[in-house]
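I opened the file and kept notes as I went. The entries follow the order in which I looked things up.

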Amino acid sequence: MTSSSTSRRCSAIPALVFAILVLATWTVAAQVTEKPAAAGEPYVYTHWETFYAEEDGLPNDHIFALTADGDRLWVGTEDGLALYEDKTWRSWREKDGLPWRVVSAIAVSEKTGDVWVGLLGGGLARFSGGRFDHFNQFNSGLVNDVVYGVAVLDDTVWVATTAGMSALNTVTGEWEIYTEKNAPMEEIWCYNVDAGDGKVYAAVWGGGILEWDVETRRWNAHRDPDREMEIDLYRDDGLIHIITTSASYVDEVLWASTYFGLSRYDGRHWRGWMDHDSGLASNFINIAKGRSGTSCYSATDYGVAVLSDFATDTWVSYRRETEDAETWTAYIGTGNEERRTVVTDLSLPNHFVIALEFQGDDLWIGTGHGLARGVGKGFFEGLSKAEASPREEEGQ
Amino acid sequence: MKGFVVFAIGMLLATSAGAAEPVYVGAEVCGECHDSLQRDQLAAWYRTPHARAHATLALPEAAEIARISGIEENPFESPICLGCHATASDAEAWQLDPTFHIADGVQCERCHGPGSEYMAAEVMLDPEAAREAGLRKPDRRLCMVCHKVKFSHTSVIEVKPFDYDEAMKKIAHPGFGGEQREAAGRSRPGDDPHVVGVMVCASCHAGESMGYVASKWRLTRHAEAYATLGTEGARSIAAAEGVDGDPRTSRTCLECHSTGDGPSLTRGVQCESCHGPGSDHIEQAAAGNPMASHAVGLGYPTRAECERCHQPGIHGSEFEYQSYLSRVDHSRADMAAARAAAVEYKTPFNLAVSPDGQRLYVACEASDALAVVDTASREVVDEIEVGNLPHGVCLSPDGGRAYVSNRGDDTVTVVDLEELEVVDTIAVGDEPHGVITDATATTLYVANAGSADISVVDLQQRREVKRLSAGRGAWGVSRSPDGASVFVTNNLSHFVPFRTPSRSEVTVVGTESSVIADRVMVPEANLIQGVDVAPGGDFALVTLIRTKNLVPMTRVLQGWVMTNGIGVLWGDGRVDQLLLDEPDNYFADPTDVAITPDGRLAFVSGGGVDQVAVVDIERMRSILENASDDDRRDLLPNHLGVSTEFVERRIEVGRNPRGLAVSPDGRYVYVAEALDDSVAVIDVIQRRKTATIDLGGPEEITLARKGEDIFHSAEVTYGRQFSCHSCHPDGGIDNITYDIEPDGIGVNPVDNRTLRGILDTAPFKWTGKNATISRQCGPRLAVFFTRIDPFTPDQVVALESYIRTIPRNPNRYRVGNELTPAQRRGKALFERSTTNSGEPIPVEGRCSGCHPAPYFTNREMVSVGTASELDTQDVFDIPHLNNIYESAPYLHDGRAETLEEIWTRFNPYDEHGVTNDMTKDQLNDLIEYLKTL
């Protein structure tokens, strides 16, 4: 797939070039100065730490999944699971008991502390107290071994697979499967899953977002009402596109990424963004993650796009200005109108961003070649508070 | 008739809306058409033992049969008993029409299938249509499910050998054509609208509190009085007395052969013939007001009233009133008295001492009680009834509460120790064993052996708040002195492939946030049960067995079957193992361990040798510290000569010592002597048992109790190396695949099988070579397992008497008869006769074909394509499936770790049932149903 082919290209970078890049990164980092954000401005991650494979302790630098667990960060790679804690990396490969090399999704149970690991082609694993338990389509009720997403809600682990959704009740051991037979799935390729407030959201590739109500045990489907593949015929009439890649539920707001833009749903109103009318540098969003009901981070094939403030439509988009730029630039603007840029010290060579996660004020992004942490020193939500935003002044 | 109309309407609806789910309509509805001279099926059936099958469960013999089968519940509530003594006993409520009565025993639809879809006359007249609608003809296979020899029954009652052909003649009920009963225009006696019929009476007068009156009536000739009229003899008598035609249509005959009129006419002489029309007093009776009932008509028969029908010399028989009265006496003995008369032992398992040392609390598994002992007087001062099969007990740190795990009903009982009363019962996981609170008594941790997890209970809310994954068979618990950790032992090894050493886990829970902090792996060990953390917190001790299943079980004399010892779990993660065995003097079944408060001594109970070992901690530590790393890893865990260096002595105690508790001052160690119904008091200073606390068990030692003692004793093994219990803890499994000599060395590996509830599932062994338990445990056991003199015949009888009573746990996946939607779909798959594409599945390819209820085995041998290159035969015993979820791994050699693998990996050619057309969700449904069996 796209991600792996990109990764393969990146992994072919000669060591010498790599060394030069690293050196340049340090140089640029030294040049970046952190200034307080001006009034009404969004927060910009200017200082970044980067992590690669052997030299930094990651088992592999093709990053597929990131999940924060307090001060710990779990990282899923193409060849192993990694944990970053107290500035130290630990990793587990197949030789260490990891049941399958490709870790595509990670979720931590708040109740038990168990780490649930999605394995692309290998099913699901529970990592608990240093022990891996393996669940696959042969030894368990998991519907398929190609796992893209995992989420835990109360005692149930939800698994998005290429052949539908599976739900494991960890207390009773019962598996349930949801496919086109018993759910409104027009397709069964489930790309991602998120859960919260008694709801489970499944991003179905070609099937929109399916919402499961735990109490009523019913599915509700969110699809693109205009059913157009290349355009959004009626703006904000619903989900922007049916080919969804992720769902993120936070503060009673659903954020949904597609390969054709980003959607937000507050339970009553839909709002959509595409690259031509927003700060999205690309409509091809691998995953979007809501930081709040008014802010969402999109990992695209062309960097990270941040809707910093929904009310003012303020965006910060991180990407390299040119293919050969040494560091990434932050583009700040309203809607698709770029106001200014800030040079950052982020030097990841690949801006095909596949994973992202928040950890406190920090932002982690995983790419086809390396992992980076944006250090959120002085981070603030929305816009800086010294002056009210224009819309707030207008009472909107 | 109403039922017929309802289902006629139902059928019409079904026809218009597609195929309907068949439901059971009951024999009465069948009798609407099948109760005439030409079609005499109803009365013919009513006179057979089939029709009385349900009622016979009220007999004292039923209680005895249930008892020796390990069935603890009332036979009327046991799926096993009802599986052969009733019809549709596993059906859901919606599958039973109101006209269906389970009390009618083995009735028409047991053999012919649920009738709602084929009962209409136009369907029944078309054999093909009837078959299509579900009408089936019973065959030998169906009959033999229940009529194979059951040792439970032949041990208690006289059972004639079952001859299928003869039996079919006895129950034959041919007949076709003729008029229906209504059309015959028979006369009606009384035509009394006040008669409600016996089934209405039985709705209250059926259970134990009512003395099983309805069942007792059904076993009298009164109940068959109407059916008798269908016999040749009755017709002769009738003809001789001037009655033409069918006596069942004769008003004269029916006056004394039935009660009133209506749907229950066919039930003969019923309650209301003696007690007056029920409609007059039913309201008062239902309200529990006998005086008022009498006032409005409830009566008792007088001799004169009886003699109204029982006239002297009538039909050539004399009426002896007292004799007849005794036959219909409602108060005659039934199973309730037999159940109550069973000898009840105490069987103390675990115990706890109060913080002040003045009280001892003992969980008594057999009496479902917590015994309270005054440690000064050493007498029982109270017994508090708790749940079913109490196992573990702990106290809150302040001594105010006791928490008792009940492994038979998956609960923890909370006892107020000031008031000595139960204040709450908390639902936890399956088969709870060890229990312990955190240091602040805000959280309770419960080791659930059955569900292989740990319940975390909020003691403020008194409810389980989460479940943590343990190893397999979570068993014992202990809290670290600093309160930061709880150690949980696991009885079973992780799954390992055949000829791979066991790997067992000790799970460590961090109490700060109640999450798993660590999983300490103990290599080559299993049956890890007891645990205690040293006062210094630098290590924990666990009990363990090292089962040598990598080699054929032929080396008992060399100590190569099982060795027994302790594990030392150090704070730095290191694990040592030391044997408590000595050459030819083993320490079988180490069960619990307790360290004295000063940390100098550890006491270990040896359940199989009736001893407690005293371990000198400093000497133990010295041995380990002076050994090389290689020796600690490879030599010491297997060395039979080391224990004499650190085991001070073995103290003789009573039979089957289990749990241990040390008094707070370290002066005494209390030992639960499970099979003596007592507690031993060991004086720590004297290093000997100085007293016995009698818990008040019965004097009588039953045969089964003797067998229980033999089962748990290693005396039968060379060097006292192991006991039956070593492989079958709690009567279950040890999760291990063995290579046993009688089938040939190096071949025929076999997975260990449970002993719970197996009496009527013969033959035994995967090879089906043992027809009885006594053969399984007889001389062959000595030749191939224990290597000393075989059991005496008396011992074998006693052992069998015990093994067959080992109860099966209540099924955790089925509450009542209602199924979840997934289970319901799974049941349909279990019973299906066609594939997803409509291809017929032969009976032998259906799940239910080989695994019919109630044991879900037809007790045959069959090949399911699982023979490996190590097997010398390809047919294996069809295992029973009751509680199948608790006996993984599966298949004869344990190759399938999960139920799913049986079909996803090991059934490539549909030889183990036709399953390969199933979708993944269907397989999940099937498994959900299997777990309910």
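Which residue of E17(A) does Asp213(A) stand opposite? I looked it up and found Arg218(A). I note here that the model is predicted.

**Entry: a hairpin in chain A.** Strand E16 of chain A covers residues 208-213 and strand E17 of chain A covers residues 218-222. They run antiparallel to each other and are joined by five bridges. I found four residues between the strands of this hairpin, and Arg217(A) has a positive phi near 55°.

**Entry: confidence in chain A.** I checked pLDDT next. The average for chain A is 88, and 88% of the residues reach at least 70. I marked two stretches where pLDDT stays under 50. One is residues 1-34 of chain A, with 40 contacts beyond four places in sequence in the model. Another is residues 387-396 of chain A, with 12 such contacts. Where pLDDT is low, the predicted coordinates should not be read in detail. I left both stretches at that.

**Entry: overall form of chain B.** I counted 35 helices and 32 strands in chain B. The C-alpha trace of chain B spans about 105 × 65 × 55 Å along its principal axes. Its radius of gyration is 31 Å, which agrees with a compact globule, because 933 residues packed that way would give a value near 30 Å. I also noted that 51% of the 933 residues in chain B are buried. Of the contacts in chain B between residues at least 6 apart in sequence, 59% link residues at least 24 apart.

**Entry: helix H5 of chain B.** Is this helix mostly covered or mostly open? I found it mostly covered: H5(B), residues 60-68, has seven buried residues out of nine. Among the buried ones I listed Ala62(B), Glu64(B), Arg67(B) and Ile68(B). I then looked for what covers them, and the cover includes helix H6 (79-85), helix H11 (151-154) and helix H23 (335-340) of chain B. Just after H5(B), I found Gly70(B) with a positive phi of about 75°.

**Entry: where the chains touch.** I took the contact last. Chain B gives 22 residues to it and chain A gives 22 residues. On the chain B side, strand E12 (463-469), strand E16 (515-523), helix H34 (899-904) and helix H35 (920-930) each supply at least two residues. I sorted the residues on that side of chain B by type and got five nonpolar, six polar and 11 charged.

Methods: Residues numbered from 1 in each chain as written. Chains lettered and ligands numbered in written order. Predicted model: local features only at pLDDT ≥ 70, side-chain atom pairs only at ≥ 80, totals over all residues. Buried ≥ 20, exposed ≤ 12 C-beta atoms within 10 Å, placed from the backbone. Contact = placed C-beta atoms within 7 Å. Rg over C-alpha atoms; globule rule 2.2 N^0.38 Å. Pairing = 2+ DSSP bridges. Nonpolar A, V, L, I, M, F, W, Y, C, P; charged D, E, K, R; others polar. pLDDT = per-residue confidence, 0-100.
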